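Dear colleague,

I would be grateful if you could read the two side by side.

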Amino acid sequence: MIQVLMLDLVFSLDSIITAVGMVNQLWVMYTAIVVSVGIMLVAAKPISEFITRHPSFKILALCFLLIIGMSLVAEGLHVEIPKGYIYFAMAFAFLVNVIQIKTITKAGSK
């Protein structure tokens, strides 16, 4: 639980920085942080159990972060990567992972 709270603080800091650029009302930022922490506390256990059962989703999430990071670096170097390509690649990888998990689950239940 401590690890989840520490991770949530890191991601909340990221959200605060993003929110500062998006809104002018301080109460909106506070509300967003409180709501996101609440959702993380409620969702932490079910998500943790799901990831424990299906570790391939952890790898998929890391790959998504890599894709996003690479696209941000490319944009910083003034190389335009169409967002549709990035979204399609992520959706396709997610779909393949879901199909793989369903196939493994069916094979395991027989």
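Which residues are buried in α3? In this predicted model, they are Phe57, Leu60, Phe64, Ser71 and Ala74. These residues lie on the same side of α3, because the arc they cover around the axis is only 100°. They pack against α2 (26-53) and α4. On the face turned away from the buried side, α3 carries exposed residues, among them Ile59, Leu62, Leu65, Leu66 and Met70.

The helix itself has 21 residues and reaches 30 Å from its first C-alpha to its last, close to the 30 Å expected at 1.5 Å a residue. Just after α3, His78 adopts a positive phi of about 65°.

Turning to the aromatic residues, a search of the whole structure gives 3 aromatic pairs. In one of them, Phe57 and Phe94, the ring centres are 5.8 Å apart and the planes stand at 65°, over the 60 degrees required, so the pair is edge-to-face. Because Phe57 belongs to helix α3 (residues 56-76) and Phe94 to helix α4 (residues 83-109), this pair ties together parts that are 37 residues apart in sequence. Phe57 is buried at 13% relative accessibility, whereas Phe94 is partly exposed at 41%.

The rings of Phe88 and Phe92 have centres 6.2 Å apart and planes at 20°, so this pair is stacked. Both residues lie in helix α4, 4 residues apart, or about one helical turn. Phe88 counts as exposed, with 58% relative accessibility. Finally, Phe50, Phe57 and Phe94 form one aromatic cluster.

With kind regards

Methods
Residues are numbered from 1 along each chain as its sequence is written. This is a predicted model: local features need pLDDT of at least 70, side-chain atom pairs count only at pLDDT 80 or more; totals for chains, interfaces and linings use all residues. Side-chain values use heavy atoms; hydrogens and water are left out. Rings of Phe, Tyr and Trp (its six-membered ring) pair if their centres lie within 6.5 Å; planes under 30 degrees apart count as stacked, over 60 as edge-to-face and the rest as tilted. Helices (H or I, at least four residues) and strands (E, at least two) are DSSP runs, numbered from the N terminus. Buried means under 20% relative accessible area, exposed over 50%, partly exposed in between (1.4 Å probe, protein chains only). The expected span of a helix is 1.5 Å times one less than its number of residues. The arc is that of the directions from the helix axis to the C-beta atoms. Contact means heavy atoms within 4.5 Å.
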